[in-house]
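Biologist: I'm new to this one. Could you walk me through how to read it?

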Amino acid sequence: STLMRSSAASDVYKRQAQWSDSEKAQGQYTKLTGDLKGSSLANGVVKVNGDVTGNYEVKTAESDDTQATAVWRNDTVVFSVTGTKNSVVSVYQLFPL
């Protein structure tokens, strides 16, 4: 599914998808993060109840450091948020990882 939210100050586009198993989700996460070519803003592991269930990566856009993308995987679900750097950073920081 795709959720798009916009305001006069910024645009944030969120996409999410779920797979039947974590290996397929990991494959999509690897592809999406491999496509990110900008500067790294953050990365790490996703934990649920103390157990590692995935990873996240946040990078600026390669051609415009005011834009960014965050991608994270939580077991069988992969999320991607793209938009202004400040908005993307806010979204991934507010989303429980």
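Predicted model: local features only at pLDDT ≥ 70, side-chain atom pairs only at ≥ 80, totals over all residues.

Biologist: How much of the chain is buried?

Modeller: Of its 97 residues, 35% are buried.

Biologist: What do I look for inside?

Modeller: Here's the general idea: in soluble globular proteins, nonpolar side chains tend to be buried together. In this case, the largest nonpolar core has 13 residues, and Tyr56, Val58, Ala70, Trp72, Val88 and Tyr92 touch the most other members. Two or more residues of this core come from each of β3 (40-48), β4 (51-60), β5 (67-74), β6 (77-84) and α2 (85-94). There's also a second, separate core of 5 residues, with Ala25, Leu36, Val71 and Val78 among them.

Biologist: Let me zoom in on Ala70. Which residues does Ala70 touch?

Modeller: Skipping residues up to four places away in sequence, Ala70 touches Glu57, Val58, Phe79, Ser80, Val81, Val88 and Tyr92.

Biologist: And how do I read a pair of rings?

Modeller: You describe a pair of aromatic rings by the distance of the centres and the angle of the planes. Searching the whole structure turns up 2 aromatic pairs. In one of them, Trp72 and Phe79 have ring centres 5.4 Å apart and planes at 20°.

Biologist: Why is the pair of Trp72 and Phe79 called stacked?

Modeller: Because their planes are at 20°, and planes under 30 degrees apart count as stacked. Trp72 is buried, at 2% relative accessible area, and Phe79 is buried too, at 11%.

Biologist: Now try Leu32. Where does Leu32 lie, and is Leu32 buried or partly exposed?

Modeller: Leu32 lies in helix α1, residues 22-34. With 25% relative accessibility, Leu32 counts as partly exposed, since buried means under 20%. Beyond its neighbours within four places in sequence, Leu32 is in contact with Val71 and Val78.

Biologist: How far apart are Leu32 and Ser80?

Modeller: In sequence, Leu32 and Ser80 are 48 residues apart, while in space their C-alpha atoms are 8.4 Å apart.

Definitions and conventions. Residues numbered from 1 in each chain as written. Heavy atoms only, no water. Core = buried A, V, L, I, M, F, W, Y, C linked by side-chain atoms within 4.5 Å. Buried < 20%, exposed > 50% of the residue type's maximum accessible area, 1.4 Å probe, protein only. Helix = DSSP H or I, 4+ residues; strand = E, 2+ residues; numbered from the N terminus. Contact = heavy atoms within 4.5 Å. Phe/Tyr/Trp six-rings, centres within 6.5 Å; stacked < 30°, edge-to-face > 60°.
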